[in-house]
Amino acid sequence: MNDNNLIASAKGLSRSYKKTVKAEGLGGSLRSLFRKRTETVDALCDFDLELRRGEMLGVIGPNGAGKTTLVKLLSGIMRPDSGELQVLGRRPRDRDEAFLSRMALVMGQKSQLWWDLPASDSFLLNKAIYGIPEDRYRRSLARLAGSLEVEGLLASPVRSLSLGERMRMEFIAAMLHEPDIVFLDEPTIGLDAPAQKRIREFLKRENEARGMTLVLTSHYMGDIRSLCPRTVLILEGRKSYDGSTAELFAEVPDESDVADAVERIYGGAI
Amino acid sequence: MMRLSACAAVARAAFADRIAWRGDAFFGAFMSAVRVALALVLWIAIFDGRDEVGGMSLPVMASYYLIAVFVFHLDQSDSMGERLAEEIRAGKFGAYLARPVDPLAWFLSASAGRTVFQAAIAAAAMLGIGLVMGLAGTRASSLLAPIEFLGALAALPILASGLLSLALVNFMTAVLAFKFQDVTAFRIVQNSAVEFLSGALIPIALMPSWAKLMLELTPFPAIASLPAELALGRGFDSLPGTAIVLAAWNLGLYAAARAAYASLSSRYEEFGS
Amino acid sequence: MKALRKLSCLRVLIATRLSRQASEAGSFWAALIVDSLVFFIQAAVFWVIYLNVDDIGGWDKWRSVFFVGTFTLVDGLYMTFYFFGLLGIPEAVSTGRLDLYLAKPFDPLLHLAFGRFNPGSLFLSLPAFALIAVAAANIGAWPTIGDIAAYLGAVILVLILVFDLMVLMRVPAFWLKRLGAVNAAENALVEFAFRVPPSAYRGGMKILFRVVLPYGLIAAFPTEAFFGDAGAGGWAAAIAVVAAFTVLMRFAWKRGLARYDSAGG
């Protein structure tokens, strides 16, 4: 990456999966015992991306398009089959401490909090993992808890919290170490409208206050429109659009589902 | 109650499910053979320099153990019980409630389907071992005592009754998940106890007489020890008494399983995703 | 990650886990009951065997009791520290739960392993020590400081070995969708290691169960170390085997992570 303002750069990124295919019924099962058939699914194909510091990027597409695969490649969870990828000046696939300590991952469908304990216990564990000094930890926790309005809930077991409250705790856990880049995979899934709005406002504040870079996948128009000036659309593993969110969705009502919106724009292309 | 055709369909689906993943299926066959081989090493070690232990010669003991391990691991109701308990705990039991499915009938049918698959795998392994030992010549083949055909036939209904008893016990353990959520501890305790009490860990013939007498009044020896003894041409005298004991246990356990399900399932709460 | 910070993370992880366990008294007692029953059953097996024979491969009853006590001690220790954590590797891989471990600057394997620390299993050490003490007294083998140090050193060595073996048995989860047969293999090998004293291994079996599939070392090596039967050669061989399996384990784990498909989402 030559541009000093570039935080992430991907060239020709590709990743595929092998899927086992079996005919139905007992006969199919017996046949597959001796002759396994597989199909290769291209989750991401020849994908290019440049991301600047402080940018808030929306990644959209239908289910199975490759959005989550992209996030997992960028965060180092998976390795690409081919292509070049750098985030924070490192190769995510190496998963070195310099990379992991400056990034964060929030997944709407997976939790890093201990279910039976107060969220504060999970925060203490992250404090140790990220090596956050005590005073910085206290400041960060106070700021995030205040911003997300959960100060009174820190001592409650996570299992007793509502979904919206749990997601707010997930954000605190992910941002205690003040990461430079945050990957968000459907963070508002299942939340009601006020909870979604609260999360969006929080993310905007964090971006403005700390210049935090954000990569967000979501099926909600409200998330993409209110947070992401730039949107990348992925269809069947390939980039179909990379540009202004406002231009992409100029004719689309705010309350549409992203998939409906994309279908409307691209007609039968999906 | 479920229709018989539905039960057969469940059994077929459970059979197909077991063979759907071939790595596991082939490795399972290999492991059956390994389990048997390890058992032989153990008993050869114990018999070092001895002609008999507990009234059994090495060939008889080795054959007993081979058969006991083979039949004990035919049971698949334990893994079905684990799956059922997990579905209850994860709030996925509603799939049974929303369809004309009798959970107990489904459980027994699926266990039976998987047991048939397991029997095929184990039979292939046993055949392989028998062929290898036969090919290895006289010295190796003297490690095994011959199996009596009539005894093996008589063992089948005994074994089926024993497996039914065990399946009913496993069902009751699984439905404890309605009350306790996590029943892993119950399952481990039960499995360890059953393995010992069935004679699969150590032949019941080696135990003191008071222990043998007590075990004869339970269904557990029917899962391993008794079929092995019958296949070796021993234990025919106790057959009538055993049949009565097993029938009584199966009836009692069936009633208990129905009662346990009726009582505990009322606690069920389906969780959202 | 610096070693000190790694230890600090482990300390906090175990403390967090203890907090969780303390809030669930039921599971604490359940683990204790399970461990105790498993121990009693294994002891009963040996009791029945020795009702019928005087020795197994030259090992008399008390030497076998020492062997059983040692296995129970090792069993209790690994069940306390990492057994349940490592048991969860296949589920973490198949559900994608591993994602959140990979996204943190802390060794995901250590995080998984020690994240299910189970203090209830430590109580197994009590009957284990009792068995060891009774057996030593009956053999007339009062240990020196050196014997005890050798014994504890050997226990630590085999705990590392068990860790390596458990991971190696679970790394196939990155390739195979189901591990039922692999679990069965491991159970069979562990049970075998527990039930067959090392005096019974001869020739090829010795190489097989002490080098290739070194389950035979788990209880045997500390027992031999205590009675001074290990010798310099035995120690060198055991250390070499553990080192080799540790290297193999790390290699296999890295290969598995490279293969990881991250389910879900």
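Is Val196(C) buried or exposed? Hold on to that for a moment. This is a predicted model, and I'll go through it residue by residue, then chain by chain, then across an interface.

So, Val196(C). Its relative accessibility is 2%, and it counts as buried because the cut-off is under 20%. Where is it? Val196(C) sits in the loop between helix 9 (180–195) and helix 10 (204–212) of chain C. Now its partners. Setting aside neighbours within four places in sequence, Val196(C) is in contact with Phe67(C) and Tyr201(C), and also with Leu42(B). One distance for orientation: 41 residues along the chain from Val196(C) is Ala237(C), and their C-alpha atoms are separated by 20 Å.

Over to chain B. This chain has 13 helices and two strands. It runs to 273 residues, and buried residues make up 52% of them. Take the contacts in chain B between residues at least 6 apart in sequence: 81% of them join residues at least 24 apart.

I'll pick out two residues and one helix here. Begin with Ser198(B). Look for this serine in the loop between helix 10 (184–197) and helix 11 (209–216) of chain B. Its relative accessible area is 0%, so Ser198(B) is buried. The side chain of Ser198(B) reaches a backbone oxygen, that of Glu195(B), at 3.1 Å. What does Ser198(B) contact, leaving aside neighbours within four places in sequence? The list is Phe72(B), Ile204(B), Phe220(B), Pro221(B), Ile223(B), Ala224(B) and Ser225(B).

Next, Arg35(B). This arginine is in helix 2 (residues 22–46) of chain B. Buried or exposed? Buried: the relative accessible area of Arg35(B) is 17%, and the cut-off is under 20%. Not counting residues up to four places away in sequence, Arg35(B) touches Val69(B) and His73(B), plus Ala184(C) and Ala188(C). Again, one distance. Gly235(B) is 200 residues from Arg35(B) along the chain, and the two C-alpha atoms are separated by 25 Å.

Now the helix. Helix 13 of chain B covers residues 239–264, which is 26 residues. At 1.5 Å a residue, that should span 38 Å. The end C-alpha atoms are 36 Å apart, so the two values agree. Which residues of helix 13 of chain B are buried? Reading along, they are Leu239(B), Thr242(B), Val245(B), Leu246(B), Asn250(B), Leu253(B), Ala257(B), Ala260(B), Tyr261(B) and Leu264(B).

On to chain A. Here we have 10 helices and nine strands. Of the 270 residues in chain A, 54% are buried. For contacts in chain A with a separation of 6 or more, residues 24 or more positions apart account for 71%.

Asp46(A) has a positive phi, near 50 degrees, and is a residue other than glycine. Asp46(A) lies in strand 2 (residues 37–52) of chain A. With 54% relative accessibility, it counts as exposed, because the cut-off for exposed is over 50%. Glu186(A) also has a positive phi, about 50 degrees, although it is not a glycine. Glu186(A) is in the loop between strand 6 (181–185) and helix 7 (193–210) of chain A. Its relative accessibility is 10%, so Glu186(A) counts as buried.

Last, the interface of chain C and chain A. How many residues does each chain bring to the contact? Chain C brings 35 and chain A brings 29. The area buried between them is about 2,700 Å², and carbon and sulfur atoms give 60% of that. Leu100(C), Lys104(C) and Pro105(C) supply 22% of the area that chain C buries against chain A, more than any other three residues.

Which elements of chain C give two or more residues to the side that touches chain A? They are helix 1 (3–22), helix 5 (98–102), helix 6 (108–114) and helix 12 (231–259) of chain C. Helix 1 of chain C gives the most, with nine residues. By type, the residues on that side of chain C divide into 15 nonpolar, 11 polar and nine charged.

How values were computed: Residues numbered from 1 in each chain as written. Chains lettered and ligands numbered in written order. Predicted model: local features only at pLDDT ≥ 70, side-chain atom pairs only at ≥ 80, totals over all residues. Heavy atoms only, no water. Contact = heavy atoms within 4.5 Å. Buried area = accessible area lost by both parts, 1.4 Å probe. Helix = DSSP H or I, 4+ residues; strand = E, 2+ residues; numbered from the N terminus. Nonpolar A, V, L, I, M, F, W, Y, C, P; charged D, E, K, R; others polar. Expected span 1.5 Å × (residues − 1). Buried < 20%, exposed > 50% of the residue type's maximum accessible area, 1.4 Å probe, protein only. Polar contact = N/O pair within 3.5 Å; in protein donor to acceptor, adjacent residues only side chain to side chain.
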